[in-house]
Amino acid sequence: QFRAIASNKSYSDKYRAIASIELGEIEEAKGEVENASNHYKDALSLSLGNNKQLASKSYYKLAVLYDENGDIENAVTYYKKNYMLSSERYENEYYSISLTNLASIYTEKAKYREAIEFLKLALTYDSENNDLENMYYSQKELAKLYLNTQPNNAIGFYTQALDSANKLHDTFKTALIYFEIGEYYYDRGEDEQALKNFYNSRKVLGNDSKDENVVRINSRIQDIKMR
């Protein structure tokens, strides 16, 4: 049925594009990468210039398809095409995730400056939309990236991530950031600050001695005591 819609020119480009995306998803689920790519490209050609919602979805589907199958060059190309198409939320729901996925690719390549720029773009966008979940992710990843480049800047983003985690009322996210802040101070030899954050992390999780995260925290506290 999807093939019948996609190939019938009497249907509107919108519905032919939707059908092509569905066909692409079916082929992708079967592991037929080339066929999936062709269907997504068909959807793109039908939607580009007249339907940004479907064009952005087509760009993103192509980017993820290539990304998950190791074709990083094409993945980068389509992630970039996606975020450059539109930053309007109703037109491109994949804007932020395209930026964060690009940041992940550049981080793996140790191109930290480029990764930071993509994450900052995503963070600005998500902050304007008060998307706390995505804000938290970008803040946390920016902090980790700055540890590799400008360690003094990392703590500011960890603090932002902690604020986002608290607003989300997410116990695990809050505990994780306290722990990572503890690690930050531990590596700098600032044991008092490290201990405060490790204890806060354990307090958030609850002092269950069998919990692997609590075990990890207790181990780090012991390391400080030994030092």
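Predicted model: local features only at pLDDT ≥ 70, side-chain atom pairs only at ≥ 80, totals over all residues.
How many residues does helix α7 have, and how far does α7 reach from its first C-alpha to its last? Helix α7 (residues 112-128) has 17 residues and reaches 24 Å, close to the 24 Å expected at 1.5 Å a residue; that expected span is 1.5 Å times one less than the number of residues. Helices here are DSSP runs (H or I, at least four residues), numbered from the N terminus.

Residues are numbered from 1 along each chain, and side-chain values use heavy atoms, leaving out hydrogens and water.

Back to α7: its buried residues (under 20% relative accessible area, 1.4 Å probe, protein chains only; exposed is over 50%, partly exposed in between) include Phe118, Leu119 and Tyr125. Among the elements covering them are α5 (72-85) and α9 (151-168). Just after α7, Asn130 takes a positive phi of about 50°.

Now for some salt bridges (a side-chain nitrogen of Lys or Arg within 4 Å of a carboxyl oxygen of Asp or Glu). The structure holds 13 of them, including these:

| Lys | Partner | N to O distance |
|---|---|---|
| Lys144 | Glu141 | 3.4 Å |
| Lys173 | Asp170 | 3.2 Å |
| Lys196 | Glu192 | 4.0 Å |

Lys144 and Glu141 both sit in helix α8, three residues apart. Lys144 is partly exposed at 34% relative accessibility, while Glu141 is buried at 17%.

Definitions and conventions
Helix = DSSP H or I, 4+ residues; strand = E, 2+ residues; numbered from the N terminus. Contact = heavy atoms within 4.5 Å.
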